[in-house]
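Here is a short briefing on one protein model. It covers pockets, the sheet, salt bridges and backbone geometry.

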Amino acid sequence: MIIIGEKINGSIPVVADAIARRDSDFIKERARLQTDAGATFIDCCASVPENQEVETLHWMIDCIQSVTDLPISVDSPSADVLVEAYKFCKRPGLFNSVSGEGDKIDKIFPIMAANPGWEVIALLSDDTGIPKSAADRLKVFDKIMAKAKEYGISPNRIHIDPLVEMLCTSENGIETNTEVISSVREQYPSIHITAAVSNISFNLPVRKMINFGFTVLAMNSGLDSAILDPTNRDLMGLIYATEALLGLDDYCMEYISAYREGLFGPVKN
């Protein structure tokens, strides 16, 4: 599983406070913790007004890169900000994100064509918003993949986000998500499929139980990438266990190795 560590995001109040105070030690510690916990990428989202975003991301990215060599997921709703902020990264990372909305793809895909190491999260939304049905989300997916072909972006550089919505307000539970994930995986075996796992449980009690159940169901449908808290040892253990149960971990070697390294299970003194 590709783990995109979610803990350096200005939408989190304690992170917003650290950003406002330019508390570099706080940002660095969160980067270290996620690296040690087994993250693949470190997400970096400022969540400040757009006219402050490039400068803020520059500072945040510098903090992260001073303590870890993990690639960065540069996170902004603005393609214009992404176009500037990715330049601060020392190594190729992940654009978070594009969608079928406006001209975002036509701003980011040319950069990816010129920088083959970069990957991208692509949201299945467009100018109409988030489509309600799986069929309509898959129409957005088809348009995104047509653009990828036009720019020469191979499927294995794309992380498709089917857009997980709150379970408590969803009309059909996770049926739409699992249908989209299964269809995308069937069409493009090498593509990545990602999700912000915790979105499913907003406004519900004991959210971790919903998150755990969704993670297993989504992985069974083809999810191989997730935006989550890698320091959550129970969730990480669940992911390693699910990969083993799905036959994605030969002889359970990754599961055993992760346990021995202390990435999940009882805290070892």
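Which residues lie nearest the centre of the second largest pocket? They are Lys-132, Glu-165, Ser-170, Glu-171 and Asn-172. The model is predicted. The points below start with this pocket and then move to the largest one, the sheet and the local details.

**Second largest pocket**
- The lining of the second largest pocket is made up of 12 residues.
- By type, that lining holds two nonpolar, six polar and four charged residues.
- The space in this pocket comes to about 240 Å³.

**Largest pocket**
- The volume of the largest pocket is about 910 Å³.
- Its lining counts 38 residues, and Asn-9, Asp-75, Ala-196, Asn-199 and Ile-227 are the closest to the centre.
- The lining of the largest pocket splits into 15 nonpolar, 12 polar and 11 charged residues.
- Several elements each give at least two residues to this lining: strands S2 (41-45), S4 (94-100), S5 (119-126) and S8 (225-228), together with helix H8 (207-221).

**Sheet**
- Eight strands form an open sheet with parallel pairing, in the order S7-S6-S5-S4-S3-S2-S1-S8.
- Strand S7 (192-193) and S8 are the edge strands; each has a single partner strand, so one side of each lacks a neighbour in the sheet.
- Within the sheet, S5 pairs with strand S6 (residues 158-161) in the parallel sense, over four bridges.
- Ile-121 has His-159, in S6, as its bridge partner.
- Helix H5 (residues 104-114) packs on the sheet and touches S4 and S5. The direction of H5 makes about 140° with that of S4.

**Salt bridges**
- How many salt bridges does the model have? The count is 15, with a side-chain nitrogen of Lys or Arg required within 4 Å of a carboxyl oxygen of Asp or Glu.

**Backbone geometry**
- Arg-22 also has a positive phi of about 55°, although it is not a glycine. Its place is in the loop between H1 and H2.
- Which residues does a cis peptide bond join? The bond is between Asn-96 and Ser-97, and omega is about 15°.
- Ser-97 sits in strand S4. Strand S4 is also among the elements that supply at least two residues of the largest pocket's lining, and helix H5 touches S4.

Methods:
Residues numbered from 1 in each chain as written. Predicted model: local features only at pLDDT ≥ 70, side-chain atom pairs only at ≥ 80, totals over all residues. Heavy atoms only, no water. 1 Å grid on protein atoms, 1.4 Å probe; cavity = no way out; pocket = protein on both sides within 12 Å on 5 of 7 lines; lining within 4 Å. Points joined across faces, edges and corners; volume = space filled by probe spheres on them. Nonpolar A, V, L, I, M, F, W, Y, C, P; charged D, E, K, R; others polar. Pairing = 2+ DSSP bridges. Contact = heavy atoms within 4.5 Å. Axes fitted to C-alpha atoms, helices over the stretch in contact; angles between N-to-C directions.
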